[in-house]
Amino acid sequence: MINIKSLSHVYEQGRRIKFPDWEIADMDQWLLLGASGSGKSTLLNIISGLLKPTAGKILINDTDLYALTARNMDRFRGRHIGIIFQRPHLIRSLHVLDNLELAAVMAGLPVDRERNLQLLHDLGIEDQAKRYPDELSQGQLQRVSVARGLVNKPDLLIADEPTSSLDDDNAVQVVKMLTSQAKDNGAALIIATHDQRVRDHIGKTYLL
């Protein structure tokens with residue numbers, strides 16, 4: 001269960017955004033919608049533990065996210081939150097499989113190579129496991145990011161425009177992968193998007 005209460009953020013320019021209270025049950029699947037500049041990415045970063053809000057609380061399974069120390073925050077994020085950024089953030093000197101395994105290592109969890117290879121297979125990129133990020137297309141990089149977000153079986157899976165660089169077939173594949181993996185792992189799912197192809201697969205909407 002995720003609870004967002006009285007949340008707001010003030011940017012350096014002095015602009016303040018207040019976010020509506022939001023309650024997300026286990027296994028809920030939500031779209032986060034809003035115009036450009038409405039604060040979608042800011043809210044995702046706050047929920048992910050990457051940006052401290054000016055005011056308010058985020059409770060994930062009764063844990064007050066911003067009451068944690070920096071070290072405990074990193075460990076909690078790694079074990080409970082899977083993040084798929086709009087632009088892939090992969091280690092260029094590591095091949096695809098190592099990038100996935102690093103996610104487990106950083107969270108203090110055992111590496112499950114069989115699961116990682118299965119994720120790559122499900123996304124149609126198992127044959128890219130030993131290739132490096134600079135050798136992949138933008139669409140392949142995005143699918144690697146999806147796999148990495150799922151590696152640690154998170155309680156909460158957050159995706160920021162996960163289909164922006166994918167063609168129709170791969171976009172549908174990624175959305176189905178996200179929704180099915182979230183369901184199979186008992187995880188809640190939040191997708192921020194402008195992509196109508198995604199909206200057709202998710203019922204609940206949080207609007208900024």
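Tutor: The secondary structure of the protein comes to seven helices and ten strands. Keep in mind that this is a predicted model.

Student: How do you know that the radius of gyration agrees with that of a compact globule?

Tutor: For 208 residues, a compact globule would have a radius of gyration near 17 Å; the protein has 17 Å, so the value agrees. Along its principal axes, the C-alpha trace spans about 45 × 40 × 35 Å.

Student: How many of the residues count as buried?

Tutor: Buried means under 20% relative accessible area, and 50% of the 208 residues count as buried. The protein exposes about 10200 Å², with carbon and sulfur atoms supplying 47% of that area.

Student: Which residues does Leu178 contact, leaving aside its neighbours within four places in sequence?

Tutor: Contact means heavy atoms within 4.5 Å. On that basis Leu178 is in contact with Ile84, Val146, Leu157, Ala159, Pro162, Leu189 and Ile191.

Student: Which residues of helix α2 are buried?

Tutor: In α2 (residues 70-80), Met73, Phe76 and Arg77 are buried.

Student: Why are the buried residues of α2 said to line one face of the helix?

Tutor: Seen down the axis of α2, they fall within an arc of 100°, so they line one face. In general, an α-helix has 3.6 residues a turn, so residues three or four places apart point the same way. The buried residues of α2 pack against β5 (55-60), β6 (63-64) and β7 (81-84).

Student: Which residues make up the covered face of strand β2, and which the uncovered one?

Tutor: In β2 (residues 16-19), Ile17 and Phe19 form the covered face, whereas Arg16 and Lys18 form the uncovered one.

Student: How do you know that β1 and β2 count as paired?

Tutor: Two strands pair if at least two bridges are found between them. Strand β1 (residues 2-10) and β2 have four bridges, in the antiparallel sense, so by that definition they pair. Val10 stands opposite Arg16 in β2. Their hairpin has five residues between the strands, and Gly14 takes a positive phi near 100° there.

Terms used: Residues numbered from 1 in each chain as written. Predicted model: local features only at pLDDT ≥ 70, side-chain atom pairs only at ≥ 80, totals over all residues. Heavy atoms only, no water. Buried < 20%, exposed > 50% of the residue type's maximum accessible area, 1.4 Å probe, protein only. Helix = DSSP H or I, 4+ residues; strand = E, 2+ residues; numbered from the N terminus. Arc of directions from axis to C-beta. Rg over C-alpha atoms; globule rule 2.2 N^0.38 Å. Areas by Shrake-Rupley, 256 points an atom, 1.4 Å probe, with all protein chains shown as cover.
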